[in-house]
Amino acid sequence: GGSSDTVGAFMQGSPDSGTAPLYVSIEATVNTTASCASATYTLDFGDATPAQQIPVAAGTCQSEQQTYTHTYSKAGTYTITLAAGQHSSTATVVAQ
């Protein structure tokens, strides 16, 4: 919290559980603070694959929504993390 936060984001994944290989669609909403500053958000899928970078350009003064798809090929419990600066939000996906 606090007025000094220039980054904010939230996301939801669907489905959040299923049988591997599990195809997950992640809807990420970044810049929820409507900051006009530039920022780069990192979407980490939690399975050691390269993280997805989500850049927000300076002068973007409203939130932006983007959808990413990811496949979890092995069974396990994965924590998806969407982070920038001091902010982070997480979601859990279970592949059986």
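This passage walks through the fold of one protein chain, from its overall layout down to a few individual residues.

The model is a predicted one, so local features are taken only at pLDDT of at least 70 and side-chain atom pairs only at pLDDT 80 or more, while totals for chains, interfaces and linings use all residues. Residues are numbered from 1 along each chain as its sequence is written, and side-chain values rest on heavy atoms, with hydrogens and water left out.

The protein chain comes out with zero helices and eight strands. Here, helices (H or I, at least four residues) and strands (E, at least two) are DSSP runs, numbered from the N terminus. Read from the N terminus, the elements simply go β-β-β-β-β-β-β-β. In terms of overall size, a compact globule of 96 residues would have a radius of gyration near 12 Å, and the 14 Å of the protein chain agrees with that. That radius is taken over C-alpha atoms, and the globule rule is 2.2 Å times the number of residues to the power 0.38. Along the principal axes, the C-alpha atoms fill a box of roughly 40 × 20 × 20 Å. Buried residues account for 32% of the 96 residues, where buried means under 20% relative accessible area, exposed over 50% and partly exposed in between, using a 1.4 Å probe on protein chains only. Of the contacts (heavy atoms within 4.5 Å) with a separation of 6 or more, 58% link residues 24 or more positions apart.

Next comes the sheet. Five strands form an open sheet in the order β2-β8-β7-β4-β5, with mixed pairing; two strands pair if DSSP finds at least two bridges between them. The edge strands, each pairing on one side only, are β2 (17-18) and β5 (52-56). As a reminder, strands of a sheet pair through backbone hydrogen bonds, either parallel or antiparallel. Strands β7 (residues 76-84) and β8 (residues 87-95) are antiparallel and share nine bridges, with alanine 83 standing opposite serine 88 in β8. Strand β4 runs antiparallel to both of its partners: three bridges join β4 to β7, and five join β4 to β5. On the β7 side, leucine 43 faces leucine 82, while threonine 42 has glutamine 53 as its bridge partner in β5.

In a regular strand the side chains alternate between the two faces of the sheet. In β4, Ala39, Tyr41 and Leu43 make up the covered face, and Thr40, Thr42 and Asp44 the uncovered one.

Searching the whole structure turns up one disulfide, defined as a pair of cysteine sulfur atoms within 2.5 Å. The bond joins cysteine 36 to cysteine 61, with 2.0 Å from S to S. The link between cysteine 36 and cysteine 61 is right-handed, at 135° about the S-S bond. Cysteine 36 sits in the loop between β3 (22-30) and β4 (39-44), and cysteine 61 in the loop between β5 and β6 (64-72), so the pair ties together parts that are 25 residues apart in sequence. Both ends are partly exposed: cysteine 36 has a relative accessible area of 41% and cysteine 61 has 33%.

The loop between β3 and β4 also holds asparagine 31, which counts as buried at 1% relative accessibility. A polar atom of the asparagine 31 side chain lies 2.9 Å from the backbone oxygen of threonine 60. Neighbours within four places in sequence aside, the contacts of asparagine 31 include Thr6, Gly8, Tyr41, Val56 and Cys61.

Finally, there are the aromatics. The structure holds one aromatic pair. Tyrosine 72 and tyrosine 78 are stacked, 4.4 Å centre to centre with 25° between the planes. Rings of Phe, Tyr and Trp (its six-membered ring) pair if their centres lie within 6.5 Å; planes under 30 degrees apart count as stacked, over 60 as edge-to-face and the rest as tilted. Both tyrosine 72 and tyrosine 78 are buried, and tyrosine 72, in strand β6, has a relative accessible area of 0%. A polar atom of the tyrosine 72 side chain lies 2.7 Å from the backbone oxygen of phenylalanine 45. Beyond residues up to four places away in sequence, tyrosine 72 touches, among others, Pro21, Leu22, Val24, Ile80 and Val93.

Methods: A polar contact is a pair of N or O atoms within 3.5 Å; within protein, one must be able to donate a hydrogen and the other to accept it, and residues adjacent in sequence count only if both atoms are side-chain atoms.
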